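This report examines the strand arrangement and the aromatic contacts of the structure shown below.

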Amino acid sequence: MTVRPLALTCGFALVAVSLSACGSPEDGAATEAAQQFEQAVADDPATACALLAPVTRQQLESQAETSCPAALRAEALPGGGRVEATEVAGHSAQVRMSGDTIFLALFDEGWRVTAAGCERTSSDPQEPYECAVEGR
């Protein structure tokens, strides 16, 4: 008789543990990097530039023919808002926010933004996002 309640208790404990482990540490780190980038774009574009992947930063400066902070200010990226979803696949991540979608890559220094100001222009999931800032 005491075995059954113990089994149910253990079953509930396993469900609770599995539900609390749904997000990986990498999901949280990618989400945090995207949020830091969004905040820095608004408050300190030089810090936001440090959070860009090297190729993304180079392309932004090259296209704008100005410094990275000035180029970010000129882009007038949308505010990120609340995080709706984070997907991590290996060394790549996508963070969808209520006002923006950000793509990131994992470098030795941590997660860096590879594209920002991204939005879907088609309902076809095979079509790529259009991004205001991106490295190719």
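## Strand pairing

Two strands are taken to pair if DSSP finds at least two bridges between them. In this predicted model, strand β4, which spans residues 110-119, is joined to β5 by four bridges, and the two strands run antiparallel. Within this pairing, E119 stands opposite E130 of β5.

## The sheet as a whole

The sheet is open and consists of five strands in the order β1-β2-β3-β4-β5, with antiparallel pairing. Because β1 (83-89) and β5 (130-134) each have a single partner strand, they form the edges of the sheet, and one side of each is left without a neighbour there. From one strand to the next, the twist averages 25 degrees.

## Helix packing

Helix α4, comprising residues 54-64, lies across β3 (101-107), β4 and β5. Relative to β5, helix α4 runs at about 90 degrees.

## Aromatic pair

How many aromatic pairs does a search of the whole structure find? The search returns one. F103 and Y129 form this pair in an edge-to-face arrangement, with 5.2 Å from centre to centre and 75 degrees between the planes. F103 belongs to strand β3, whereas Y129 sits in the loop between β4 and β5; the pair therefore ties together parts that are 26 residues apart in sequence.

Are these two residues buried or exposed? Y129 has a relative accessible area of 17% and is therefore buried, the cut-off being under 20%. F103, at 22% relative accessibility, counts as partly exposed.

Definitions and conventions. Residues are numbered from 1 along each chain as its sequence is written. This is a predicted model: local features need pLDDT of at least 70, side-chain atom pairs count only at pLDDT 80 or more; totals for chains, interfaces and linings use all residues. Side-chain values use heavy atoms; hydrogens and water are left out. Axes are lines fitted to C-alpha atoms, for helices over the stretch in contact, and angles run from 0 to 180 degrees between N-to-C directions. Contact means heavy atoms within 4.5 Å. Rings of Phe, Tyr and Trp (its six-membered ring) pair if their centres lie within 6.5 Å; planes under 30 degrees apart count as stacked, over 60 as edge-to-face and the rest as tilted. Buried means under 20% relative accessible area, exposed over 50%, partly exposed in between (1.4 Å probe, protein chains only).
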